[in-house]
Amino acid sequence: MPPIDVRRERIVIETDIYQVEGDIALPRGGYRNALADHLNNINEEFIYLENVEMVMLDGSGRGWSAPSLMLAKRHIRSVFQKSPAEN
C-alpha cells in the first residue's frame, strides 16, 4: 500500500486548563482533508499532535513541550488553525 500524502497544519487547542499548540497531519486531498472532518470523526476519541507546546491558562506561565501528544477530544473547548505567517 502506498504511503498517504499528508500536509502538516499548526493548530491551537484550548482545554479547560491548557492552551495546546501543535502540528496535526491531514491528508492533502480527498476524504477527510479538512481539520473539521478530522475533529468531528466519531470513530476517533483522540487526536495526535507533534511538536507540542502547552501553557497553563491560569496565567502562571507554567508550561511544557513534548515531541508528541494524544489529546482526548472530549477535553477540547476551542480549536483554530494558525496561518503560515504565525508559525
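**Close-up views of salt bridges and the sheet**

**View 1. Asp-16 is an exposed residue, its relative accessible area being 57%.** In this predicted model, the side chain of Asp-16 forms a salt bridge with that of Arg-77, with an N to O distance of 2.8 Å.

**View 2. Five strands make up an open, antiparallel sheet.** Their order is β4-β3-β2-β1-β5. At the edges lie β4 (63-72) and β5 (78-81), each of which pairs on one side only. From one strand to the next, the twist averages 30°.

**View 3. Strands β2 and β3 pair in the antiparallel sense.** Strand β2 covers residues 18-27 and strand β3 covers residues 46-56, and five bridges connect the two. Asp-23 has Glu-50 of β3 as its bridge partner.

**View 4. Glu-50 also meets Arg-8 through a side-chain salt bridge.** The N to O distance of this contact is 3.4 Å. Arg-8 lies in strand β1 (residues 6-14) and Glu-50 in strand β3, so that the pair, 42 residues apart, links distant parts of the chain. Glu-50 counts as partly exposed because its relative accessibility is 22%, between the limits of 20% and 50%.

**View 5. Arg-62 and Asp-58 are joined by a salt bridge between their side chains.** The N to O distance here is 3.4 Å. Arg-62 is partly exposed, at 48% relative accessibility.

View 6. The structure holds eight salt bridges.

Note on methods. Residues numbered from 1 in each chain as written. Predicted model: local features only at pLDDT ≥ 70, side-chain atom pairs only at ≥ 80, totals over all residues. Heavy atoms only, no water. Pairing = 2+ DSSP bridges. Helix = DSSP H or I, 4+ residues; strand = E, 2+ residues; numbered from the N terminus. Axes fitted to C-alpha atoms, helices over the stretch in contact; angles between N-to-C directions. Salt bridge = Lys/Arg side-chain N within 4 Å of Asp/Glu carboxyl O. Buried < 20%, exposed > 50% of the residue type's maximum accessible area, 1.4 Å probe, protein only.
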